[in-house]
Amino acid sequence: MNLTPIAPKDRILAAIDTPDRGVAIGLAERLGDSVGGIKLGLEFFNAHGPDGVVAVAGSSPLFLDLKYHDIPNTVAGAVRSAVAACRPRILNIHASGGTAMMRAAVAANRDTAAAVGIDRPTLIAVTVLTSLDDRDLAAVGQHGPAAGQALRLARLAQDAGCDGVVCSPLEISAIRAACGPGFLLVVPGIRPAGSAEDDQKRVMTPGEAVAAGADYVVIGRPITRADDPASAARAIALDIAAETVS
Amino acid sequence: MTGVLVKICGVSDAAAARAAGEAGADMVGFVFYPPSPRAVTPARAAELARDLPAGVLRVALLVDADDALVDAVAATGAVDMLQLHGRETPERVAAIRARTGLPVMKALAVAGAADVEAAAAYDGVADRILFDAKPPNGMAGALPGGNGLSFDWRLLEGLRLDTPWMLSGGLDAGNVAVAIRLTGARAVDASSGVEDRPGTKNPDKIRAFVAAAKATAFDCQKRPGMSAAS
């Protein structure tokens, strides 16, 4: 685990959620190095595949957010293909796929990175989708409350050799306490204070999330729909700095 | 013709930062030099930096800082430029620029013609050069800058630099227009001139200074060395 301090702007991963290749490339170019990396997910990948992903990411660190969840062999194959073709900095799987699936992904990630000669991508696990509440969990047969299930899955992911998890702002403290300082916490669903989408659902600003223990924050529309995305990212970086510089 | 670039230096409280931002200052400086009454901690600077408008350049003032302090300030992620206000050599300026990846403004203390000539060594090395007044020998409690002193602006006559420069030293709302007209400065900096006493910024004086500087249309033809025709 790299323990050098991460610059505030480098903690921001800009979620580029669009099926449009030109829009995505334009956004990535406008963002430049004002963020730590970009996140591309299922919407873009399923439209343009690895070639599109590589075209958008360019030299920016890439979080490839495809959340694999299948039998171990299939997930291992997906990880091998993705690492070789997309060369992500971060990629992810579903912790609820179980220990064997996660171990297969960990091994595939490590071996493929070595084979193609790149730094090993960080492999993180999704715990509980932020769209699921306790009742939704119960309906699919998982034991709530959501926070408890997220913590259970985070520990399982760590035991399986994953580098970290995706978690909600509300789970940062508990998972950080349980899994230690070297376990990477990537936190989506955060809106900057005062952003257009700011509403009662916002529980933390990016700065508060990092202060609480998040390593990276994933931010979409507040950056990508701003008139000046780089400027919006800079304001978020300054918020992170204000909350974390001691 | 266009407005000059205005920097308010030594901001250490929220009211001053707000005034500078609202008044339209282009740069705001935070002093990372503990002996200064305007000194801020990195944490304080980061808080103040957050609350400035997006377009304002956040500048960190350092005085003969070692690598550890340079790194700590750069790592805050809250500053856009470093201002070196000590005896940093051109080599040191280049090294800090390379080390941090941040643009660097080198401040030079001016008392005589030789001090202005020394700027040539920093031309093309620093991203901007700031001319400030050199405190007289023996001045009690003298700081590297912000002493409320002006130097003889005529010393800038004949100045030829490829690097943009900035005028500082005893500027306030009352004299900045004359200073701009006389020197051809396209960028001006104030610290003590917008204070009630050292370290205590006055928001009204900040607003007045920015307004006075911005209202002074500098003449593109006017260069140092030409007479200050009225």
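Predicted model: local features only at pLDDT ≥ 70, side-chain atom pairs only at ≥ 80, totals over all residues.
**A short walk through chains A and B**

What about the inside? Of the 230 residues in chain B, 50% are buried. The secondary structure of this chain comes to seven helices and ten strands. Along the principal axes, the C-alpha trace of chain B spans about 45 × 40 × 35 Å. Why speak of a compact globule here? Because a compact globule with 230 residues would have a radius of gyration near 17 Å, and chain B, at 16 Å, agrees with that.

Now for contacts. If we take those in chain B with a separation of 6 or more, 58% come from residues 24 or more positions apart. As for charge, chain B has 24 positive and 26 negative charges, and their mean positions are 3 Å apart.

Let's move over to chain A and look at helix 10, residues 229-244. This helix has 16 residues and reaches 23 Å from its first C-alpha to its last, close to the 22 Å expected. Its buried residues include P229(A), I236(A), L238(A) and D239(A).

My last stop is D17(A). Where does D17(A) sit? You'll find D17(A) in the loop between strand 1 (12-15) and helix 1 (21-31) of chain A. Leaving aside residues up to four places away in sequence, D17(A) touches K39(A) and E43(A). And V166(A) lies 149 residues from D17(A) in sequence, with 17 Å between them in space, C-alpha to C-alpha.

How values were computed
Residues numbered from 1 in each chain as written. Chains lettered and ligands numbered in written order. Heavy atoms only, no water. Helix = DSSP H or I, 4+ residues; strand = E, 2+ residues; numbered from the N terminus. Contact = heavy atoms within 4.5 Å. Expected span 1.5 Å × (residues − 1). Buried < 20%, exposed > 50% of the residue type's maximum accessible area, 1.4 Å probe, protein only. Rg over C-alpha atoms; globule rule 2.2 N^0.38 Å. Lys, Arg positive; Asp, Glu negative; His and termini not counted. Charge placed at Lys NZ, Arg CZ, Asp CG, Glu CD.
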